[in-house]
Amino acid sequence: MRPLRDVVRHTLLLTLAAGAFLLAPALRGAQIPAPAPAAGALPLPLKDGSLRFMVMGDTGTADPGQYETAREMATIRQRFPFEFAVMVGDNIYGSDSAADYKRKFEDPYKPLLDAGVKFYAALGNHDSPNQASYAPFNMGGQRYYTFRASPSGVGKLTHGGVRFFALDSNYLRKEQLDWLDKELGSSGSDWKICFFHHPLYSSGRTHGSALESRATLEPIFVKNGVDVVLTGHDHIYERIKLEQGIQHFVIGSGGSLRKGDLARTDLTVKGYDQDYVFLLAEIAGDELYYAAVSRKGGIIDSGVFKRPMTEASPRP
């Protein structure tokens with residue numbers, strides 16, 4: 001008769017093997033937790049040739065929290081040299097005179113602007129359409145537009161790399177939807193990332209999910225192989241569980257915060273509503289690494305999203 005310890009050891013090995021077998025399928029379109037970084041380190045790989053960018057939302061308040069968060073953005077860029085920033089709306093609250101643009105955007109982000117970081121904006125519900133013509137927002141006078149990003153810079157090219165699509169979610173009219181469907185469908189980019197203001201999925205108590213926008217946009221996203229959606233509006237941070245293979249983020253606390261506004265529904269993989277937050281992202285091959293950073297530099301969420309290969313994905 002085998003000793004009891006041998007039976008226990010054999011049972012444990014069988015259990016571990018079964019667990020490994022269940023986890024074996026390819027994690028395509030999966031959320032993969034990142035290993036815990038060493039103290040003070042960023043959980044981002046800084047791979048050669050990767051594309052690095054920042055995402056911020058609901059920023060244009062000119063309050064102390066916005067300025068403090070902007071300083072942290074500039075500080076962290078010394079360790080993670082992102083090339084451009086995506087703004088998901090509510091860029092200038094209230095009036096938008098020249099003095100307002102200076103106080104609510106140019107002054108807080110001056111170190112980044114001076115370093116050559118380009119900002120790409122989408123319009124929020126508090127934004128004037130006139131912002132589309134404000135040169136530092138790089139909207140080209142259009143309320144919705146697209147640009148291609150690559151490690152060597154940002155250019156309006158046709159194929160390859162990463163392509164961003166900025167939408168005006170205040171007015172999802174047929175003209176814009178037809179444009180979006182056409183641009184997504186004709187894009188041969190490996191990655192397709194949409195950014196706009198109103199979240200299709202959110203656990204924020206103040207606003208929550210924009211259900212009508214979801215019914216309108218999600219079928220277009222799924223049909224055309226969109227990988228990631230970046231939004232704001234709710235003044236919280238939330239990473240949503242994968243919906244139809246798409247990774248959704250709510251990043252609406254870059255300059256305005258609603259403490260305690262996160263309901264933590266079954267949509268929530270990770271959420272945070274206790275401080276201002278911005279998102280760092282790095283795309284290397286088929287993986288997008290992300291780290292959500294608080295005003296004081298704390299890492300409040302991180303991980304890896306591996307894009308799914310769909311019928312809309314380019315083939316050799």
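Trainee: Which residues is Leu 280 in contact with, leaving aside its neighbours within four places in sequence?
Mentor: Leu 280 touches Leu 42, Leu 44, Phe 53, Met 54, Ile 76, Phe 80, Phe 82, Tyr 289, Tyr 290, Ala 291 and Val 293. Contact here means heavy atoms within 4.5 Å. Keep in mind that this is a predicted model, where local features need pLDDT of at least 70, side-chain atom pairs count only at pLDDT 80 or more, and totals for chains, interfaces and linings use all residues. Residues are numbered from 1 along each chain as its sequence is written, and side-chain values use heavy atoms, with hydrogens and water left out.

Trainee: Thanks! How many residues are in the largest nonpolar core?
Mentor: That core has 63 residues, and those with the most contacts inside it are Phe 53, Phe 164, Phe 195, Leu 230 and Leu 280. A nonpolar core is a set of buried Ala, Val, Leu, Ile, Met, Phe, Trp, Tyr and Cys residues joined through side-chain atoms within 4.5 Å. Buried means under 20% relative accessible area, exposed means over 50%, and partly exposed is in between (1.4 Å probe, protein chains only).

Trainee: Which element gives the most to this core?
Mentor: Strand S13 does, with 7 residues. Helices (H or I, at least four residues) and strands (E, at least two) are DSSP runs, numbered from the N terminus. There is also a second, separate core of 18 residues, which includes Leu 167, Trp 179, Tyr 201 and Phe 221.

Trainee: On to rings, then. How many aromatic pairs does the structure hold?
Mentor: It holds 23 aromatic pairs. Rings of Phe, Tyr and Trp (its six-membered ring) pair if their centres lie within 6.5 Å; planes under 30 degrees apart count as stacked, over 60 as edge-to-face and the rest as tilted. One of the pairs is Phe 84 with Tyr 120, edge-to-face at 6.0 Å centre to centre, with 90° between the planes. This pair links distant parts of the chain, with Phe 84 in strand S3 (residues 84–87) and Tyr 120 in strand S4 (residues 118–121), 36 residues apart.

Trainee: Are Phe 84 and Tyr 120 buried or exposed?
Mentor: Phe 84 is buried at 0% relative accessibility, and Tyr 120 is buried at 5%. Then there is the pair of Phe 164 and Phe 195, which is edge-to-face because the ring centres are 6.4 Å apart and the planes are at 70°. Here too the pair links distant parts of the chain: Phe 164 is in strand S7 (residues 162–166) and Phe 195 in strand S8 (residues 191–195), 31 residues apart.

Trainee: Which residues form one aromatic cluster?
Mentor: Phe 53, Phe 84, Tyr 120, Tyr 145, Phe 147, Phe 164 and Phe 195 do.

Trainee: What sits over the ring of Phe 82?
Mentor: The charged end of Arg 77, at 5.6 Å from the ring centre. A charge sits over a ring if NZ of Lys or CZ of Arg is within 6 Å of the ring centre and within 35 degrees of the ring normal.

Trainee: Switching to charges, how many salt bridges are there?
Mentor: The structure holds 13 salt bridges, where a side-chain nitrogen of Lys or Arg is within 4 Å of a carboxyl oxygen of Asp or Glu. Among them is Asp 100 with Lys 104, at 3.3 Å, N to O. Both lie in helix H3 (residues 98–106), 4 residues apart, about one turn of the helix. Asp 100 is buried at 6% relative accessible area, and Lys 104 is buried at 5%.

Trainee: And what about Lys 110 and Asp 114?
Mentor: Their side chains meet in a salt bridge at 2.6 Å, N to O. Lys 110 is partly exposed at 45%, whereas Asp 114 is exposed at 55%.

Trainee: Which residues are linked with Asp 275 in a network of salt bridges?
Mentor: Glu 68 and Arg 295. The Arg 295 to Asp 275 bridge is 2.9 Å, N to O.

Trainee: Last one: what is phi of Asp 90 near?
Mentor: Phi of Asp 90 is near 55°, a positive value in a residue other than glycine. Asp 90 is in the loop between S3 and H3, and is buried at 1%.
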